[in-house]
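Please look through the sequence and the structure shown here before reading on. The paragraphs after them move from the whole chain to single sites.

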Amino acid sequence: MRFTRLFTGPAKKAWAVFDDRTGLGQVLSHQLSHPVPNTTGWVGWSYAIGSAVLVAFILQVVTGVVLATAYVPSTEDAYDSLMYITDQATLGSFLRGLHNYGAWAMIIFIGLHVIQTYLVGAYKFPREANWLSGAVLLLLTLVLAFTGQLLRWDQTAYWSTYVLAAQVERTPIIGDRLADLALAGDTVGGATLTRFYAIHVFFVPALVFMFIGFHLWLVLHTGVSEPPQAGRPVDPKTYRAWYQKYLERNGVPFWPDAAWRDVVLGVGMVAAVAALAIIVGPPELENPPDPTVLQAYPRPDWYFLWIFAALAVVPPALEDLVILGAPAIFGALLVFLPFFANKGERSPKRRPWAIAIVMIAVIMVGTLYVAGERAPWSPYVDQPQLPVEVVAAPEKRALVAQGAQFYYQKGCQACHRMGNWGGLYGPNLTNVHERLSHEQIVISIINGRGGGMPAYAGNLTQQQVNAIVAFLEAEKVQRGEGEPPRDAGEVGAQAED
Ligand code: HEC
C-alpha cells in the first residue's frame, strides 16, 4: 500500500517530507502489504476475530481513560461518582455503556479466538510463542474483567469479590497471603478498591499493551497460519520452506485483500456495542455496599457467573479439589499444549478430540451458566430488609446490629441462610439457637466444622464473636410472618423473573 496515493496537492507533499524524515510510511506500508494466505468465506472471517479483540481492547482503553477523568476510587465517593457519570455527565451514561459492552465484546471475541486457533491447530510449529502470549492475554483479560467489576462498588460487585476472595484463600500454603495481596487486607474495603483500581487501570493494561505488541510482532514474524488441510501435517523440519512457497503461490497482500474483513468486523462490533450502550444502557447501579442490608445478592457479571455456579454445585468434599484443581488443569493445558503437540495434523477433521474438547467445554460452561442464572442458592432479590427492631429486644439492639454487620462483613451469608437470604451451602442459621447451645454456636464459629465451615478463630475478635452470636441468637420476627419458608425450588423459580 502506498500512502502517497491517499493524499493530493500540498498534503501529498507534506506526507512525502514526513515519510522522508521519519521512514514511518515505508515501515507501515511494508507491514500492511505483507502476504497472507488467501482465504474466503467463513474461514476468511475467522481470521478477523483476533483483530476484533484488539479493536475491543482499544475501545476499552479510550472509554476507560475518559471514565477515569470522573471516577473517584474511594469507598466514600466511588458510588456517587458513578451516579454522577451516569446521570449528569455529558455522554456519561453512553460511555459507561460502551465500556461495559466493550468488555463483553472483548471477552466474547477472545473466547472465540482461543477456540478458533485451537480448532485449527494454529498453536503448532512455529507459532508456539503466539499461543503462549495469547494465553497470557486471556488471563490478563479475565483479571481486567474481574477487577473492573469491583470498581462499580455496589452490592453485587462487593459481594462477588468477597466470595471469589474466599475461594482464593483456599489455595494451600499461600492462600491467605494471596487473598491478602488481592484484597489489601482481610476484608473488602477502601484499600481493596484502591488496589483493584491500580490493577485495573495501570498494571494490567500496561501488561496487555506489552503482550499485544509481542503477539502482533509474532504474527508478522511467523506469518499467519494457513487454513489447515487434512493430510497435510506440520513437520518442523520442512514447514518454513513449505510455508514460503505456499505464500508465493497462494499469498495476497494483507491490505486490502484480507484486511477489509478485519475492518468490517471491527466497525460492526463497535457499532453493536454503541447500539447496546444507547438502547440498553449501562448496567444499573444497585445500592452501595452496606453490610446491614440483608438482600445482598452475590452474583458476578455473566462472564463469571458459571464459575460461581460451579462452586455452588460441587459437593463440599470435592470443593477444594475443584476450586483449585480446575483452574490449575485448565492453565496447565493452555501452557503445555504447544510443548507436547506442536507437530502433526492441524485439521480439525483429523483431530476429532479437539472438537470434542471444545464441545464439552462449551456445553459445560453453558449448563453452569444456566444453572447460575436460576441459582436456587442465591438469595432472593426483592425481599425487604429485616430492620433491627424486629429481630431483637431493645436493650440488645446495638449488639445485634453490630453482629449483623460482622455477619455480613465476614461473609457468613455467602454460605448460610438467614430468613430467606443467603447461600444454601451451609445449614440455615435462622433458628440455630434452637438447635445448638450458646457454647456450641461459639465453638462452631471459632473452630469451624469439618463439613466446610471455616474456622474463624484468627479472623474475629472476642467482641465480634459475641456480637455475631447475639445476632444469631436474636429472635427473628420476619415481615410476612406466617408464610411458610420457601423451599429451594420455589426460590429458584422466583429468581428467574
Ligand atoms: C464457606 C462457607 C461458610 C462460611 C463462609 C461460613 N460457614 Fe458456617 N457452616 C458452613 C458449613 C458447610 C457448615 C456445616 C458444617 C457441618 O457439616 O457440620 C457450617 C456450620 C455452621 C454452624 C453450625 C450450624 C449447625 O446447625 O450445625 C454455625 C453456627 C455457623 N456455621 C456459623 C457461621 C458464621 C457465624 C459464619 C460467619 C462468621 C459462618 N458460619 C461462615 C459453611 C460456612
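Predicted model: local features only at pLDDT ≥ 70, side-chain atom pairs only at ≥ 80, totals over all residues.

Residues are numbered from 1 along each chain as its sequence is written, and side-chain values use heavy atoms, with hydrogens and water left out.

The chain holds 21 helices and four strands; these are DSSP runs numbered from the N terminus, helices being H or I of at least four residues and strands E of at least two. Of its 497 residues, 43% are buried. Buried means under 20% relative accessible area, exposed means over 50%, and partly exposed lies in between, with a 1.4 Å probe and protein chains only. The accessible surface is about 25,600 Å², and carbon and sulfur atoms account for 67% of that area; accessible areas come from the Shrake-Rupley method with a 1.4 Å probe, and for residues only the protein chains shown count as cover. Of the contacts (heavy atoms within 4.5 Å) between residues at least 6 apart in sequence, 78% join residues at least 24 apart.

His416 lies in the loop between α17 (397-409) and β3 (417-418), and Met453, 37 residues away, lies in the loop between α19 (438-447) and α20 (462-473). His416 is buried at 9% relative accessible area, whereas Met453 is partly exposed at 21%. Ideal angles for six octahedral donors are 90 or 180 degrees.

The structure has 21 aromatic pairs, where rings of Phe, Tyr and Trp (its six-membered ring) pair if their centres lie within 6.5 Å, and planes under 30 degrees apart count as stacked, over 60 as edge-to-face and the rest as tilted. Phe146 and Phe304 form an edge-to-face pair, 5.7 Å centre to centre with 90° between the planes. Phe146 is in helix α7 (residues 128-151) and Phe304 in helix α13 (residues 302-313), so the pair ties together parts 158 residues apart in sequence. Both residues are buried. Ring pairs also link them into a cluster with Tyr101, Trp104, Phe196, Trp302 and Tyr303.

Two arginines lie over tyrosine rings: Arg127 over Tyr243 at 5.1 Å from the ring centre, and Arg351 over Tyr118 at 5.7 Å. The criterion is NZ of Lys or CZ of Arg within 6 Å of the ring centre and within 35 degrees of the ring normal.

Lastly, the backbone. The peptide bonds from Phe125 to Pro126 and from Trp255 to Pro256 are cis, with omega near 0°. Pro126 lies in the loop between α6 (92-119) and α7, while Pro256 is in helix α12 (residues 254-279). Leu91, in the loop between α5 (78-87) and α6, has a positive phi near 60° and is exposed at 59% relative accessibility. Most residues other than glycine have a negative phi, and most peptide bonds are trans.
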